[in-house]
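Student: Could we go through this structure together, with the sequence open beside it?
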Amino acid sequence: MTKALREDTPVPADVPALKLTNISKSFGPVTAVDNVSLEIPRNQVIGLIGENGAGKSTLLKILTGLHEPDSGVMEVAGSPVRFRRPQDAAAAGFGVVHQEQSLLTNLSVAENIAMNALSSKDNATKGGWYRWGQLNREAETILAKVGAKIDPRSIVGDISFVDRQMVEIARALRVDELTNATPIVILDEPTSVLERDETAILEREIKLLKNIGSVVFVPHRLDEVLRICDRIIVMRHGKVVADRPTGDVTEDELFQLMIGHAARASKSHAAERDGAVEPLMQVSGLTRKGEYKNVDLTVRPGHCVAIVGTLGSGRESLVRAMFGAEPFDSGSLSYRGKQLGSWSAAQATRSGIAYVPAERKTEGMVGGMTAAENLVLARTGKSGLLVNKRKQKKLAQEWFGKLDTRPNNPSLHLSRFSGGNQQKVVMAKWLQSETLQLMILDHPLRGLDPGAAETVNDQIRAARDGGTAVILLADTLEEALDMGDDILVMRDGEVTARFDLSVDTPTSLDLLEKMV
Amino acid sequence: MTVGNQVLTASPGETQRTPSRRRFEYKRLGELGALVALILVFTLLNPGAFLTMLNVRTILDQAAIPLVVGVGATLVVLMGSIDLSVEGVMGAAGMTFVLLSANSRDTMDLGLWAIVIAVGLGAFLGLCSGLIHTLLKVPSFIVTLGMWFVGLGLATVLFGTDQIPFLPDGDLKAWPNTLTLGLPNSAWLAAVVVLLGVVVTRFTRLGRFTYAVGNNEEVARSNGIPVGRQKILIFVVAGGCSALAGVLASLRLGAGSATVGIGILFLTIAAVVIGGTSLGGGKGGMMRTTLGVILLTVLNNGLILSGVSSNIQSGVSGAVLIVAILAAAWPLRSRLRIVK
């Protein structure tokens, strides 16, 4: 230690603001963060990148006290810490802008900015009493810091998404006014809803932040990370695979590090399948404000369209609209050559469209009913008033065999099955229908082990080869390249690329470039 | 709604704020308009009977109990929960109050302490509801439905098989209807409670967190709000409000009765909703509930004066509730894809 220590900071300057040693976190069988060790130096901006599901979000949740790690040590300014609640993280100087908006839409901007402080100590709300004048003035000061012209008295629900994001950022900045600790500001894709000039304001602000603390920045686009960050940490499959100074890497290298390998050649597809068949479903100019705009898409029988994109690309919302589960603002849908006026999930189901949602537990199944009952739940065309128990049992047994579902007992409650086997039952529910025309699969392999994933994929292929059209929102780019006949790439609600795999042979890299 | 009610001051953001303010005021006008229309209609139907000082006093006196209950109910509904235990708590607290005051059955006379103990009992029942709701994760609907009958049971046990406990004639019994500055004391009491409610919802952490929890529990929690403690506190306050209303109702009845709160639950929940507080939580406020209570009281009073039979009255009240909910939910109907 050569430099004299400042009296108010009894920590040597070379001690990192944050140090993680062997941090792990699992959710059931899935290890989201796997033995991660890293250091965040003081007064630096660190970029954190990785594919969807690489473990970035879980790591950030650990840093902000929303998840407790299963094992490992966290040190802030040299002393070990444990965050049990978000307040603990806030007290240690962590401020965060989450990917999802975390504002209370019925309260005012000022209240939201003060929120973390409200539950602890703050002059404007000392003793549980609100001093509105002071609260608003404090908020005004912080908003001015981020260059936002927002009235702190306005209700968050009434202001635009861009302004809300500025409020979120202002709120994260508040941390340095509350605690004596060196702030660590975590920005999880803060620019995803911002326009170009607002992004510029944010980049300027992040550089200012460096003077008072450290920043962990998860970029929405890869070029941002190269512009803003001092160092870049790359995660893949829950592990840190690279930690490089920004000057030492190129955008291409980062792509490679993120996906792990040069993309392998995609397997040959059934290009000979008749491309001239009548389209089953046609989407033209479909738009929903804030989700997707002007999307054109054609789905043919016997073809699989894979849609790829990051969170916020709007692809989930798009397919839900196609299934009639969500409204859209403009554009049109046609099905079997007929223009659709009103469209609902019930009509879609009757017309032979199946939807396997990503939220299996909340949308795809009824856990309190037996597997056999779940199998016959969807009303697909044929309607009978009574349930034929014997037929139901026979059907269930047949599908349990086909999909190798374990335990092989259809009369168990579905909630007792493992995730993979639940998914098989959910798939079978639709596959058994004789009127099935189109399957919309939203992350069908999520949470499945490789064996179960292969069984499910085989069923999807079999259905496709039998003439069913498939729309697939894949978990990984490999899955999309493996299953799709056509690939649609979306970014920020717009289609940025289309690949016909019978002609094109894109690599994961090509897709990724269009995604971020 | 605090923010929306603050005085406009010149500030850079004023222009972008105007639309939200206007919408808010406009909605409030609808309910005020309905009230004015009702008053006009009943005045025309009953010239010389409806819009008299005597009848205004009657209306305010009748509104007092639902107003006191409504303050607690509004807080609970703002959180997205519901408190159905109102009538049970009123019965238990009212009976406790009568038995602990000078009455015709026993020699116990704790004076004003009887009120304190009765309100304390209500708060305790609210505490039980809150604890069961948050710790055991039972929906508030079920917990408070149970607590309703626990309260009624408690009141019935206290009532026993002896003769009915009457309050002696005197100052205490006459208090609610005694006039102060031209208005009955019961109305003044209600006004004080409503005022307290307004202050709590606008200027205290307790009140603001209530809105936060009602908006989105998950987000509230991630913002560091102790959601469980908040809910328990609100149920305690609501229990206290119901108990105070029970005391007031017992004073007016002049005797102990387990069913002293009969009919109040529907009236208050209806008033909260008609006032425009969303049953989903997060939107609404005390003044809205006050408006709702006055609206329903005027309606009932006017119907009686106009000679409508009491059988039809309850039907009319129900229909008004449904129409009010329809009107409130109309702009949202396409977005409400799930209605439970």
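This is a predicted model: local features need pLDDT of at least 70, side-chain atom pairs count only at pLDDT 80 or more; totals for chains, interfaces and linings use all residues.

Student: How many helices and strands does chain A have?
Tutor: Chain A has 18 helices and 20 strands. Helices (H or I, at least four residues) and strands (E, at least two) are DSSP runs, numbered from the N terminus.

Student: And what share of chain A is buried?
Tutor: Of its 516 residues, 49% are buried. A residue is buried if 20 or more other C-beta atoms lie within 10 Å of its own, exposed if 12 or fewer, and partly exposed in between, with C-beta atoms placed from the backbone.

Student: What are the corresponding figures for chain B?
Tutor: Chain B comes to 14 helices and two strands, and 45% of its 340 residues count as buried.

Student: Back to chain A. In what order do the strands of the four-stranded sheet run?
Tutor: The order is β12-β11-β14-β15 of chain A, in an open sheet with antiparallel pairing. Two strands pair if DSSP finds at least two bridges between them. In chain A, β12 (292-299) and β15 (338-339) are the edge strands; each has a single partner strand, so one side of each lacks a neighbour in the sheet.

Student: How many bridges join β11(A) to β12(A)?
Tutor: Five bridges join them in the antiparallel sense, with β11(A) covering residues 281-288. Within that pair, A:Met281 is opposite A:Val299 of β12(A).

Student: Which helix lies across that sheet?
Tutor: Helix α10 of chain A, residues 315-322, lies across β11, β12 and β14 (330-335) of chain A, at about 125 degrees to β11(A). Axes are lines fitted to C-alpha atoms, for helices over the stretch in contact, and angles run from 0 to 180 degrees between N-to-C directions. Two residues are in contact if their C-beta atoms, placed from the backbone, lie within 7 Å.

Student: What about A:Arg336, where is it placed?
Tutor: A:Arg336 sits in the loop between β14 and β15 of chain A. Its phi is near 50 degrees, a positive value in a residue other than glycine. A:Arg336 has 15 other C-beta atoms within 10 Å and is therefore partly exposed.

Student: Which strands make up the six-stranded sheet?
Tutor: The open sheet has the order β16-β17-β18-β13-β19-β20 in chain A, with mixed pairing. Its edge strands are β16 (353-356) and β20 (494-500) of chain A, each pairing on one side only. From one strand to the next, the twist averages 15 degrees.

Student: Do β13(A) and β18(A) run parallel or antiparallel?
Tutor: Strands β13 (residues 304-308) and β18 (residues 469-473) of chain A run parallel and are joined by four bridges. A:Cys304 is opposite A:Val470 in β18(A).

Student: Now chain B. How do α3(B) and α11(B) cross?
Tutor: The axes of α3 (residues 53-78) and α11 (residues 227-253) of chain B come within 8 Å and cross at roughly 170 degrees. The two helices are therefore roughly antiparallel; angles under 35 degrees count as roughly parallel, over 145 as roughly antiparallel, 65 to 115 as roughly perpendicular and the rest as oblique.

Student: Which classes of residue form that contact?
Tutor: The contact of α3(B) with α11(B) has 17 nonpolar, two polar and no charged residues. Ala, Val, Leu, Ile, Met, Phe, Trp, Tyr, Cys and Pro count as nonpolar, Asp, Glu, Lys and Arg as charged, and the others, Gly among them, as polar. Among the residues that meet are B:Val68 and B:Val69 in α3(B), and B:Ala238 and B:Cys241 in α11(B).

Terms used:
Residues are numbered from 1 along each chain as its sequence is written. Chains are lettered from A and ligands numbered from 1 in the order in which they are written.
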